[in-house]
Amino acid sequence: MNPHSQFCHNPDCPARGQTGKGNITIHSNKKKRYRCSTCKGTFTETYGTPFYRLHTTMDVVTLVLTLLVHGCPRQAIVAAFGVDERTVAEWQSRAGEHARNVHEHLVESGRMHLQHVQADEIWVKMIGRRVWLAMAIEVPTRLWLGGVVSVQRSKNLIWELMGHVRRAACLCGCCLSRGMLVCVDGFSTYIKAVRGAFRVPLHTGRQGRPRLLLAQGLMLGQVVKQYKNGRVVGVSRRVILGTHSTIKGVLGRTGTGSDINTAYIERLNATFRAMLVPLVRRGRALARTTVQLSAQMWLVGVTYNFCWEHTALRQVSIVGGQLRVRGRTPAMAAGLADQPWTFEQLLTYQVPSPVCVAPKRRGRPPKPKPSKVAQMPQLRLAA
């Protein structure tokens, strides 16, 4: 037990979410509980993780979740470990919610310099119906930016997806000076969604809400495919924002192709189909609800970012006359991690609570109280 790496989880504690303050001490080694000296509260070591208040050992739960994230059907795990199917579903839901919190804390922090983003949506077969799964990727780092599950392929699906991309992007002037390219398919809703998501306020010093303008350096390209009898017979490329020369400049600088394409997000779709059982077109292990499918998507996506090394991101160097190959994950390429995480590290990562900030006082400042001397009655002296 290491109290220096822990922080208080109490939302009413002034020292919540802060490590290294010396306010966390060991309360019980046997029960693995910590104590906060600021709010006098105690909490367990597994608070804020999928293992909180589980009776099964951590090793068994980690092994089951590892099999699930690599495409093992839930029915096979039930037969192998002898646990109830509802228990496995609960573990998977917990891990998916935890993975989403980790993604929102580390990726959607508004610090990413996005250069080339690709987005696409695929249909997923469920029991009795079909749903749509939309995802986005930052191509140079192969970082998965998030996904959305929706019953319909509507504007709400695309707007919510672009919201994930917007929360991850840093739209300051230095980041957008070299340009940001977004490549999508021919779905017309992407045009309004991208325009609406990537707007920055124009501060003029005047009162009221500032005017929102489209971010400078934003480029948008579409790949429209023509089908005949279920086969692609033609592909056309459209430039919606920017110019063809500037788009080619971004593609050449990032090494992600010579023209507008969505090849990288389609390759990511294939990876998710291999690791996510409900995405298999012909199979019996289908998802029952969109909540379960969303939890599985977040678990696979965050594991892809932080735990799995990508072949295209390897760094080759010569050290002492020997060839050294260093594997990197998308999170390492994006500067979010310094080494590949193990799956257990991902599940035990605790997302800190927001730091306590004193509320800003609104309205007029209070009038200063008169001093006691000024309040004393003045006595007139008789002449």
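Predicted model: local features only at pLDDT ≥ 70, side-chain atom pairs only at ≥ 80, totals over all residues.

Biologist: Then what span is expected for helix 8, and how far does helix 8 reach?

Modeller: Helix 8 covers residues 263-275, which makes 13 residues. At 1.5 Å a residue, the expected span is 18 Å. From first C-alpha to last, helix 8 is close to that, reaching 19 Å.

Biologist: Which residues of helix 8 are buried, and what arc do they cover?

Modeller: Buried here means under 20% relative accessible area. I265, L268, N269, T271 and F272 are the buried ones in helix 8. They sit on the same side of helix 8, because the arc they cover around the axis is only 160°.

Biologist: Why would residues three or four places apart point the same way?

Modeller: It's down to the helical repeat. An α-helix turns once every 3.6 residues, so positions spaced by three or four face the same way; the number to remember is 3.6 residues a turn.

Biologist: And which residues are exposed on the other side of helix 8?

Modeller: The buried side has cover that includes strand 4 (116-126), strand 5 (129-138), strand 6 (143-150) and helix 9 (290-306). Across from it, the exposed residues of helix 8 are R267 and A274.

Biologist: Which element gives the most to the largest nonpolar core?

Modeller: That core has 76 residues, and W144, L145, M162, V165 and F198 touch the most other members. The top contributor, with eight residues, is helix 9.

Biologist: Where do arginines lie over ring faces, and at what distances from the ring centre?

Modeller: A charge has to be within 6 Å of the ring centre to qualify. R153 is over the face of W132 at 5.3 Å. R130 is over the face of W123, with a distance to the ring centre of 3.8 Å.

Biologist: Last one: is R199 buried, partly exposed or exposed?

Modeller: R199 belongs to strand 8 (residues 199-202). Beyond four places in sequence, R199 touches R166, L212, L213, L214 and A215. Its relative accessible area is 37%, so R199 counts as partly exposed.

Conventions:
Residues numbered from 1 in each chain as written. Heavy atoms only, no water. Lys NZ or Arg CZ within 6 Å of the ring centre and 35° of its normal. Helix = DSSP H or I, 4+ residues; strand = E, 2+ residues; numbered from the N terminus. Expected span 1.5 Å × (residues − 1). Buried < 20%, exposed > 50% of the residue type's maximum accessible area, 1.4 Å probe, protein only. Arc of directions from axis to C-beta. Contact = heavy atoms within 4.5 Å. Core = buried A, V, L, I, M, F, W, Y, C linked by side-chain atoms within 4.5 Å.
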